[in-house]
Amino acid sequence: STLLRTSMSTDALPPATENLPPATENEAPGTAAKAPPPKPDAAPPSVGPKTGGKAAAPKKLISKCERMHLAEQKKRDKALAAAAAAAAGAPKKEMSKAEKLFLKEKAAKEKVEKEAAKAAEKAAKEEEKLLKAQEKESKKADKEAKSAGPKKNVSSYFHFQGARRAALKEAHPELGVAELAKLMGEEWKAMSDEDKAPYERSAAEDKERYRAECLAAGIEVKEPKRKKEAAGGADGVAEPKPKKAKEAKEAASEVAAAKPAVFFYKKSQRSAIAEA
């Protein structure tokens, strides 16, 4: 029975060479080819408890400025949250009686100082307004006094202008005020002393009239400043005025300076040296 079982088991087994791949040229028939080495598997991704079973992403590096910005933003968010909580009905701190009294006195003191400053500013404005009104009244009174007083005398040239303006304006209607004044000035310069004599007499009479009116009104007449008479000799000839610094310097430069001896020596020897 033992032999029977052994023969049956060997008959059921297939030949060893049925499932083998064909032999190559270098291999003997019936020998099995070597299997290729297994490929190494890729390293499994790192799995941490915080990633929920997924691969962890690389950590992003941030600069110092970004860290400071994030810290400031965190502080602002915290302050806003605290303010919102306070506005939502956070319990207010109860002030003591001394604190309430101090705040009340401070508010009263600030109110008094504000009212005093306002009153001082108002008084300064009123004073400035009063001074301006007084100055305006003074100017008005001076103007009225001048208009009511004697009319100031004018020179001979103004008498000439008054006599010639109407005729020149009629002869030259296209000329303006400036052109007429220029034309009258040219005529006045071209006139002789005999032609100017009537206007000189008119100016002298006008001056006497103004003096008499001022004396009658009790107004002091100021004499025009006259040039100082030059001190002269017995014949009254004025001494010449001293020259100014610039004129004196120019006059001194006109005088030739004295030449040194070497100058004359060079001058005498120049021709001899040139011939040699």
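How many disulfides does the count come to? And in α5, which residues are buried?

Modeller: A word on the model before the close look. This is a predicted model. The count of disulfides comes to zero. A disulfide is a covalent bond between the sulfur atoms of two cysteines. Take two of the cysteines here. Cys 65 counts as exposed because its relative accessibility is 60%. Cys 214 is buried, with a relative accessible area of 1%.

Now the setting. The chain has eight helices and zero strands. Of the 276 residues in the chain, 6% are buried. The chain exposes about 26000 Å², and carbon and sulfur atoms supply 59% of that area. Look also at contacts between residues at least 6 apart in sequence: 49% of them join residues at least 24 apart.

Helix α5 covers residues 177-190. Its 14 residues should span 20 Å at 1.5 Å a residue. The expected span is 1.5 Å times one less than the number of residues. The end C-alpha atoms of α5 are 20 Å apart, so the model agrees with that expectation.

The buried residues in α5 are Leu 180, Met 184, Gly 185 and Trp 188. They share one side of α5, because they cover an arc of only 140° around the axis. An α-helix has 3.6 residues a turn, so residues three or four places apart point the same way. The other side of α5 holds exposed residues: Ala 178, Lys 182, Lys 189 and Ala 190.

What covers the buried side? The cover for the buried residues of α5 includes α4 and α6. Take α4 to begin with. Helix α4 runs over residues 156-171. Arg 164 lies in α4. Arg 164 counts as partly exposed because its relative accessibility is 26%. Arg 164 touches Met 184 and Glu 187, leaving out residues up to four places away in sequence. Met 184 is one of the buried residues of α5. Arg 164 and Leu 180 are 16 residues apart along the chain, and their C-alpha atoms are separated by 9.8 Å.

A pair of aromatic rings is described by the distance of the centres and the angle of the planes. The count comes to six aromatic pairs. One of them joins Tyr 157 and Phe 158, edge-to-face, with centres 6.1 Å apart and 70° between the planes. Tyr 157 also pairs with Trp 188: the centres are 5.7 Å apart and the planes stand at 65°, so this pair is edge-to-face too. Tyr 157 lies in α4 and Trp 188 in α5, so the pair ties together parts 31 residues apart in sequence. How covered are these two residues? Tyr 157 counts as partly exposed because its relative accessibility is 23%. Trp 188 counts as buried because its relative accessibility is 13%; the cut-off for buried is under 20%. Ring pairs link Tyr 157, Phe 158, Phe 160, Trp 188 and Tyr 199 into a cluster.

Now turn to α6, which covers residues 193-217. Asp 206 lies in this helix. Asp 206 is buried, with a relative accessible area of 12%. Beyond residues up to four places away in sequence, Asp 206 touches Lys 152, Asn 153, Val 154 and His 159.

Step back along the chain to Lys 151. This residue sits in the loop between α3 (97-148) and α4. Lys 151 counts as exposed because its relative accessibility is 65%. Lys 151 and Tyr 210 are 59 residues apart in sequence, yet 6.7 Å apart in space, C-alpha to C-alpha.

To sum up, α5 has its buried residues on one side, and the cover for them includes α4 and α6.

Conventions: Residues numbered from 1 in each chain as written. Predicted model: local features only at pLDDT ≥ 70, side-chain atom pairs only at ≥ 80, totals over all residues. Heavy atoms only, no water. Helix = DSSP H or I, 4+ residues; strand = E, 2+ residues; numbered from the N terminus. Buried < 20%, exposed > 50% of the residue type's maximum accessible area, 1.4 Å probe, protein only. Contact = heavy atoms within 4.5 Å. Areas by Shrake-Rupley, 256 points an atom, 1.4 Å probe, with all protein chains shown as cover. Phe/Tyr/Trp six-rings, centres within 6.5 Å; stacked < 30°, edge-to-face > 60°. Disulfide = S-S within 2.5 Å. Arc of directions from axis to C-beta.
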